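Student: I am new to this structure and would like to go through it with you. Could you show it to me, please?

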Amino acid sequence: MPDPRVILHVDMDAFFAAVEQLDNPDLQGKPVLVGSHRARGVVAAASYESRTFGCRSAMPMAVAKRLCPQAIVVPVRGSRYREVSDHLFRIFDDFSPLVEPLSIDEAFLDVTGTERVFGHPHTLAVQLKQRIRDELHLAASIGLAPNKFLAKLASDAEKPDGLTVVHAADARAWLAPLPIERMWGIGPKTAERLARAGLRTIGDLARMSVDFLTSHVGRDGARYHRLAQGLDDRPVTPDGAAKSIGHEQTFEQDVADVEAVRTVLLDQSEQVARRLRKHHLRARTISLKIRFGEFQTISRSATLEAASCTTATLWHTARQLFDRWAAEAFVPVRLIGMHASQLTAETTEQMGLFTDAATQRQSRLDQAADRIVDRFGKTAIRRGLRPST
């Protein structure tokens, strides 16, 4: 019988704001809001000092400033955050070959069977936190558990700078008192519907039958039932073994600024393209995931004429998908995600024989940009967001 999995979920604390406070000591200990001063600007990140006033990411900047008039607003520096993120993921790679990125500042690590190298999993987690502290001078919160669902919830349990361990034998008891809204996929309206049935905690869910839950929430009932028992068999999937590579970002509040969402999508496109090139992969299909309202989720996809890993191609396709949806039916967005799938191995022969001159130029541009970034960091070069036409 295989050993029980040992999964870490690592989540950096107030990442953007923490980097700003790191780079500017005058900001340390002060309420900081990362984002735009524009009339419809939103908060990209809020430092913990500002969160005590009720500020949070994805909140309209005007609202955050009313809650915390003394807050210091600084602009988003995406290239700097990606530079720190690259260093962070190099640290992850030193602890496990099985790293599944979730966003620029969080990932799952499968560290099953690493005891001979790092000792007890708790010791490994402590070492990982210390490496991040020593090399990046930032704090991370870590959840340690036998599966991804528990690990992700655990990483949020003692923020900031927390380390929470959930053992398989204790999982159901640990989950029981948590509000039902902590379950993946349960939003306010679903929680209200379940509350009318007397279910307010994850423990309440665990005591119900699958048939009962299905009658109230449809086919998701079976998934909620398993998770409420602390069961989740999804593996940690690194890029090289993945069927798709993508990035998603969930906002704490719906974002009504189209340009703010588009800026996040640009950053996701750049990250996905670099991950493809890092693993010598190309993608044939680009997909967009958009969530809004009461967990209403739509997807849009496009198939490329030829598989690609160039940033320009991925961004152009993702932006077309987004702009087409935004022009027809834009509503405030809770989640935006971009994924590349139908992956194939990259070969220099294919590049030389089957790509046009423009694509080859873009490929050489990406390679040059990657070399600059690898040598000088991401602040050395950046891609701009052209205004909408």
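Tutor: Of the 389 residues in the protein chain, 47% are buried, where buried means under 20% relative accessible area, exposed over 50%, and partly exposed in between (1.4 Å probe, protein chains only). This is a predicted model: local features need pLDDT of at least 70, side-chain atom pairs count only at pLDDT 80 or more, and totals for chains, interfaces and linings use all residues. Residues are numbered from 1 along each chain as its sequence is written, and side-chain values use heavy atoms, with hydrogens and water left out.

Student: How many helices and strands are there in the protein chain?

Tutor: The protein chain has 16 helices and 12 strands. Both are DSSP runs numbered from the N terminus: helices are H or I with at least four residues, strands are E with at least two.

Student: Which residues have the most contacts inside the largest nonpolar core?

Tutor: They are Leu8, Val10, Phe15, Phe92, Leu109, Leu128 and Ile132, in a core of 37 residues. A nonpolar core is a set of buried Ala, Val, Leu, Ile, Met, Phe, Trp, Tyr and Cys residues joined through side-chain atoms within 4.5 Å.

Student: Which elements supply at least two residues of this core each?

Tutor: They are β1 (7–12), α1 (15–23), β2 (32–35), α4, β6 (106–110), α6 and β7 (140–145). The largest share, 7 residues, comes from α4. Apart from this core lies another, of 33 residues, including Ala58, Ala260, Leu276 and Ile286.

Student: What is Leu8 in contact with, leaving aside its neighbours within four places in sequence?

Tutor: Among its partners are Leu109, Leu124, Ala125, Leu128, Ile142 and Leu144. Contact means heavy atoms within 4.5 Å.

Student: Let us turn to α6. Which of its residues are buried?

Tutor: In α6, the buried residues are Pro121, Leu124, Ala125, Leu128, Lys129, Ile132 and Leu136. They cover an arc of only 135° around the axis, so they are on the same side of α6; the arc is that of the directions from the helix axis to the C-beta atoms.

Student: Why do residues three or four places apart point the same way?

Tutor: An α-helix has 3.6 residues a turn, and therefore residues at that spacing point the same way.

Student: How many residues has helix α6, and what follows α6?

Tutor: Helix α6 (residues 121–136) has 16 residues and reaches 22 Å from its first C-alpha to its last, close to the 22 Å expected at 1.5 Å a residue. The expected span is 1.5 Å times one less than the number of residues. His137, whose phi is positive, near 60°, follows α6.

Student: A new topic, then. How many salt bridges does a search of the whole structure find?

Tutor: The search finds 26, a salt bridge being a side-chain nitrogen of Lys or Arg within 4 Å of a carboxyl oxygen of Asp or Glu. One of them joins the side chains of Arg82 and Glu270 (3.3 Å, N to O). This pair links distant parts of the chain, with Arg82 in helix α4 (residues 78–95) and Glu270 in helix α13 (residues 258–278), 188 residues apart.

Student: Is Arg82 buried or exposed?

Tutor: Arg82 is buried, with a relative accessible area of 10%. Glu270 is also buried, at 12% relative accessibility.

Student: Where do Asp86 and Arg274 lie?

Tutor: Asp86 is in helix α4 and Arg274 in helix α13, 188 residues apart. Their side chains meet in a salt bridge (2.9 Å, N to O). Asp86 is partly exposed at 24% relative accessibility.
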